[in-house]
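Thanks, I will keep this short. Please have a look at the sequence and the model, and then I will go through what was computed from the atoms.

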Amino acid sequence: MKNLKSRSFLFLFFTLFSLSIYGQDDLMALLNEKEEPTINYTIATFKSTRLISGHSVETNSKGVLQFLIGHRFGRINSGWKDLYGVDNATIRLGFEYGLTDNINIGIGRSGFEKTFDGTLKWKLIRQQSGAKSFPFTSTFVSSIYMNTMDWPYPERENYFSSRINYHHALLIARKFDDVISFQLMPTLVHRNLVQSSKDENTIYSIGLGSSLKLSGSLRFNMEYYYIPEGQIFSTLGGEKVRNSLSVGVDLETGGHVFQLFLTNSRGMAEKFLIGGTSGNWLDGDIHFGFNVSRVFTLKKPKK
Amino acid sequence: MKKIVILAGILIGTVNAFGQKYLTQNGTINFYSETPLENIESVNNQVSSVLDTENGNIVFSLLIKAFSFEKALMQEHFNEKYLESEKYPKSTFKGSILDYSTYELSNEPTKVKIKGQLTIHGVTKEIEVNGSLTKTSDSKIKGESEFLVLLDDYNIKVPSAVSGNIAKEIKIKAIMNYEKFEK
């Protein structure tokens with residue numbers, strides 16, 4: 001009986017308790033209970049479609065046109081006569097456009113080696129959490145390059161195909177805690193024409209990049225491409241081919257991103273970073289460079 | 001013992017009679033930032049809200065990431081730099097309609113005052129805003145409200161480079177079409 005009594009008491013207690021359901025907190029609890037899980041996509045793994053000189057996993061959204069101006073000065077150690085590299089600037093102009101949120105096409109022209117490039121970029125999967133989760137963002141990038149310089153040996157038979165080079169990369173990036181992002185860039189560069197028969201036409205390289213958020217508008221970036229030994233034996237004007245290393249910052253204001261950095265690479269695309277870099281950081285063969293990126297929304301999403 | 005059961009039964013009965021709630025999960029909240037340089041507009045049409053018609057309690061909840069903008073980059077900046085939606089994914093309001101018992105809802109909008117706690121960007125402030133409620137059918141109520149929010153109040157910082165493009169005072173417009181909620 002005693003047991004029964006206490007049970008009824010409990011029952012009454014809970015009934016009375018349930019009266020308080022009308023409180024605002026309980027209404028909120030009801031909302032939370034009704035809430036359906038959503039997918040939370042990670043945004044802004046990097047600030048720009050470029051980490052520094054090479055691509056990041058980021059793509060322009062559908063209908064967005066990006067105008068890119070890349071600038072690299074000469075080597076800082078070139079001395080006073082060249083104003084520490086300012087005299088020997090090289091430029092790349094490029095446009096990239098979002099066909100969809102994930103597929104971009106782009107064209108560009110580098111003053112360095114008078115090269116045109118065309119790019120297809122495809123974001124395959126996005127880092128996400130919530131209803132569905134995936135640990136990283138992955139983007140495939142493929143470019144074709146056409147060198148339009150005069151033939152170095154006009155007397156011999158030259159083929160148009162010798163002007164063509166390619167690069168393909170599978171970028172894998174993850175953002176940690178909204179503070180730091182890392183990116184892996186396994187990359188292939190194929191050169192139709194190489195200097196010597198000892199050189200590999202297809203070079204394998206692995207890149208590593210990182211971006212650290214210092215504030216909402218400021219980030220510190222690093223980009224490195226490692227070329228495993230035994231692939232390139234020829235020199236570039238007497239200098240050994242080296243791995244490309246760049247460090248810099250992103251500054252963002254509204255629709256512009258300014259990237260300022262130091263690098264030992266003179267070119268502004270993967271083809272030049274991998275196999276076209278001969279500067280030695282330790283000797284001061286460092287170029288100051290900047291990218292300015294501006295986006296224009298050409299097509300507005302329908303409401 | 002019997003008495004207790006009867007008492008409990010009565011109480012449960014009352015609970016059910018009392019618990020008249022109206023719910024929406026696709027309410028709309030628009031906000032407008034107007035400056036001479038740029039007008040920015042955004043909409044979130046996945047706002048959930050419950051109105052308890054017995055006592056006038058009302059709550060709202062929304063996901064910051066569900067706000068959509070005309071420009072993709074604006075949406076990214078809104079989430080990443082200003083509202084920090086990774087850190088503060090939700091915005092909520094908990095409050096009640098003042099002097100609720102004195103109103104009788106009809107098919108004409110009834111002007112009301114709503115007071116409560118608005119949480120944005122992890123900061124909670126007490127606000128009092130004007131709104132209206134309309135009984136559009138037996139099982140439907142439409143709620144509307146328009147008010148201003150100061151970015152400073154919610155610790156939302158806008159860098160000086162774009163301070164001319166973003167208003168310090170943001171106009172919020174909410175439209176909720178509630179339906180009677182049966183458990």
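How many aromatic pairs does the structure hold over all chains? There are 13 of them, where rings of Phe, Tyr and Trp (its six-membered ring) pair if their centres lie within 6.5 Å, and planes under 30 degrees apart count as stacked, over 60 as edge-to-face and the rest as tilted.

F73(A) and F290(A) make one such pair, which is tilted, with 6.2 Å from centre to centre and 55° between the planes. This pair links distant parts of the chain, since F73(A) is in strand β2 of chain A and F290(A) in strand β14 (residues 287–297), 217 residues apart. Helices (H or I, at least four residues) and strands (E, at least two) are DSSP runs, numbered from the N terminus. F73(A) is buried, at 15% relative accessible area, whereas F290(A) is partly exposed, at 23%. For those words, buried means under 20% relative accessible area, exposed over 50%, and partly exposed in between, with a 1.4 Å probe and protein chains only.

The rings of Y145(A) and F272(A) are 6.3 Å apart at their centres with planes at 65°, so this pair is edge-to-face. Y145(A) belongs to strand β7 of chain A and F272(A) to helix α3 (residues 270–273), so the pair ties together parts 127 residues apart in sequence. Y145(A) is buried at 2%, and F272(A) is buried at 1%.

Before I go on, the ground rules. This is a predicted model, in which local features need pLDDT of at least 70 and side-chain atom pairs count only at pLDDT 80 or more, while totals for chains, interfaces and linings use all residues. Residues are numbered from 1 along each chain as its sequence is written, chains are lettered from A and ligands numbered from 1 in the order in which they are written, and side-chain values use heavy atoms, with hydrogens and water left out.

The charged end of R163(A) is over the ring of W151(A), 4.0 Å from its centre. R109(A) has its charged end over the ring of F116(A), at 5.3 Å from the centre.

What is the domain assignment of chain A? It gives domain 1 (2–34) and domain 2 (42–297), with bounds from an automatic or database domain assignment. The centres of the two domains, taken over C-alpha atoms, are separated by 62 Å.

Now chain B, which has 2 helices and 9 strands. Of its 183 residues, 46% are buried. In helix α2 (residues 72–82) of chain B, 8 of the 11 residues are buried, so the helix is largely enclosed by the rest of the structure. Among these buried residues are M74(B), F78(B) and Y82(B). F78(B) is also part of a cluster, joined by ring pairs to F31(B), F67(B) and F69(B).

Last, backbone angles. Most residues other than glycine have a negative phi. After α2(B) comes E84(B), with a positive phi near 45°. H121(B) is not a glycine either, and has a positive phi of about 55°. H121(B) is in the loop between β6 (110–120) and β7 (123–137) of chain B. Is H121(B) buried or exposed? At 7% relative accessibility, H121(B) counts as buried. Y84(A) has a positive phi of about 55° as well, and is found in the loop between β2 and β3 (90–98) of chain A. Y84(A) is partly exposed, at 45%.

Technical notes. Lys NZ or Arg CZ within 6 Å of the ring centre and 35° of its normal.
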